[in-house]
Every structure is written in structure tokens, then in C-alpha cells.
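This briefing concerns the structure displayed below. Please read it alongside the sequence.

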Amino acid sequence: MQDTRARATDGVFDKTGTLSDGRPACVAVEVFDGLDADAAARIVAALEKDSGHPIAAAFAVAARADQQAQQVETVTGRGVQGRLAGVHWYLGRADFAAGREDDGFLWLGDGQRGVARFSLRERPREDAASALRELRAQGLQVHLASGDGAEAVQRLADTLRITQAHARQTPEDKLALVRGLQAQGRIVAMV
């Protein structure tokens with residue numbers, strides 16, 4: 001029996017750590033309601049400290065040993081929430097953390113209003129462009145499916161010449177994308 005990977009027609013890739021270097025950097029911070037940027041970064045660092053998510057690395061420099069978040073919970077596809085110094089914080093999508101329409105940025109807030117908005121950037125992995133070039137030469141259609149906001153996903157898609165990019169994808173959305181391609185008779189490799 002022939003290896004299914006050799007017969008693949010489509011490759012569906014995640015973004016962070018798969019096609020990107022997995023090291024997002026915070027490139028801009030907007031703060032509201034009197035909170036300063038350093039304080040906002042320290043709150044994010046405390047919430048993300050033990051998450052293992054690549055976002056934690058972008059804020060690790062702001063981490064303080066004396067700031068420990070409590071009751072931290074990850075809400076898949078939306079963000080994290082937890083308590084710090086008696087305040088319940090939400091970090092993630094705007095509709096989760098700041099009570100506003102999702103705009104693709106990372107927000108810190110109380111779930112109803114935002115106190116800080118962060119712009120993160122990632123670079124493509126050094127080998128991403130050449131790997132995708134090789135896959136395309138073998139006839140594969142390349143898709144990008146990421147939980148990140150539309151702007152970040154489109155920026156990486158443009159850089160890597162991926163025409164089929166899907167933003168704000170939950171794990172269930174990614175599975176539905178794969179199953180939809182399979183329903184069309186495609187053989188899909190998910191990376």
C-alpha cells in the first residue's frame with residue numbers, strides 16, 4: 001500500500017512555530033484608563049508565565065518573580081484569564097478581553113473593557129519559504145490555518161505566497177477545513 005503522505009494533494013499548516021519562528025515580539029502597546037505600558041506587560045507576563053504559549057516569550061522580559069497570577073485558565077481560541085493582585089484579568093481576543101469586536105490584536109482587560117492593546121509580530125522560519133516551494137513543486141496546494149488575527153495571518157501568507165489563508169481558526173475550525181477538503185476528494189496533510 002502506498003504511503004498516504006506521498007499521495008497528498010493539500011498541505012494545511014498552522015502558523016506559530018510551524019511556518020513562523022514561534023517567537024512573537026511585541027512591537028507596539030497602546031494603553032487606556034491610566035495603566036502604563038510596563039504595568040500592562042507585567043500583567044501579561046504573569047498571566048502567560050506557565051502557559052508554554054509562544055506569547056509568553058514576547059513578555060518574559062517584563063516578568064517579575066513577585067507577581068504570580070492565580071486561577072489562570074486557558075479558554076481555547078480566545079485567550080487566558082486569571083487573578084493578579086485581586087483583579088480578574090482577561091488576555092486575548094478583543095471580544096474576550098475587552099468586550100469589543102475582534103480586531104486581530106492582543107488585548108488585556110476585564111472582559112468588558114480593554115486597558116491595553118498589543119501588536120505582536122513574528123518572522124517566517126528560515127526554512128519555510130524553501131519548504132513550501134518544494135511542496136508546491138510536488139503539486140501540493142498550500143493552506144494556512146491559524147488562530148491568530150487576520151492581519152498577522154495575511155502578513156505571513158503574503159510573505160510566503162500562500163493564497164489560501166484562514167484566520168481566527170479554532171481547533172474545530174481547522175478540523176472542519178481539513179474535512180471539507182477531504183470531502184472534495186483531496187488527500188490532506190496537516191502540519
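**Strand pairing, aromatic contacts and overall dimensions**

Val-12 stands opposite Met-190 in β10. Three bridges connect strand β1 (residues 10-13) with β10, and the two run parallel. Strands pair if DSSP finds at least two bridges between them; helices (H or I, at least four residues) and strands (E, at least two) are DSSP runs, numbered from the N terminus.

The model is predicted: local features need pLDDT of at least 70 and side-chain atom pairs count only at pLDDT 80 or more, whereas totals for chains, interfaces and linings use all residues. Residues are numbered from 1 along each chain as its sequence is written, and side-chain values use heavy atoms, with hydrogens and water left out.

**Parallel sheet**

- Four strands form an open sheet in the order β9-β8-β1-β10, with parallel pairing.
- At its edges lie β9 (164-166) and β10 (188-190), each of which pairs on one side only.
- Neighbouring strands of this sheet are turned against each other by 20° on average, direction ignored; axes are lines fitted to C-alpha atoms, for helices over the stretch in contact, and angles run from 0 to 180 degrees between N-to-C directions.
- Helix α5 (residues 150-159) lies across β8 (141-145) and β9, and runs at about 160° to β9.

**Antiparallel strands**

- Strands of a sheet pair through backbone hydrogen bonds, either parallel or antiparallel.
- Strand β4 (residues 79-84) and strand β5 (residues 87-92) run antiparallel and are joined by six bridges.
- Within this pairing, Gly-82 has Trp-89 of β5 as its bridge partner.
- The hairpin of β4 and β5 has two residues between the strands, and Ala-85 there takes a positive phi near 50°.
- β5 is also joined to strand β6 (residues 106-109) by three bridges, again running antiparallel.
- Gly-92 stands opposite Trp-107 in β6.

**Aromatic and charged contacts**

- Two aromatic pairs are found in a search of the whole structure; rings of Phe, Tyr and Trp (its six-membered ring) pair if their centres lie within 6.5 Å, and planes under 30 degrees apart count as stacked, over 60 as edge-to-face and the rest as tilted.
- Phe-32 and Trp-107 form a stacked pair, because their ring centres are 5.8 Å apart and their planes stand at 15°.
- This pair links distant parts of the chain, 75 residues apart: Phe-32 is in the loop between β2 (25-31) and α1 (37-48), and Trp-107 is in strand β6.
- Trp-107 is buried, with a relative accessible area of 2%, whereas Phe-32 counts as partly exposed at 29% relative accessibility; buried means under 20% relative accessible area, exposed over 50%, and partly exposed in between (1.4 Å probe, protein chains only).
- Tyr-90 and Phe-96 form an edge-to-face pair, because their ring centres are 5.2 Å apart and their planes stand at 75°.
- Phe-96 is buried, with a relative accessible area of 7%.
- Arg-117 lies over the face of Phe-105, at 4.1 Å from the ring centre; a charge sits over a ring if NZ of Lys or CZ of Arg is within 6 Å of the ring centre and within 35 degrees of the ring normal.

**The chain as a whole**

- The protein chain has six helices and 10 strands, and its C-alpha trace spans about 60 × 30 × 30 Å along its principal axes.
- Of its 191 residues, 40% count as buried.
- Among contacts (heavy atoms within 4.5 Å) between residues at least 6 apart in sequence, 53% join residues at least 24 apart.
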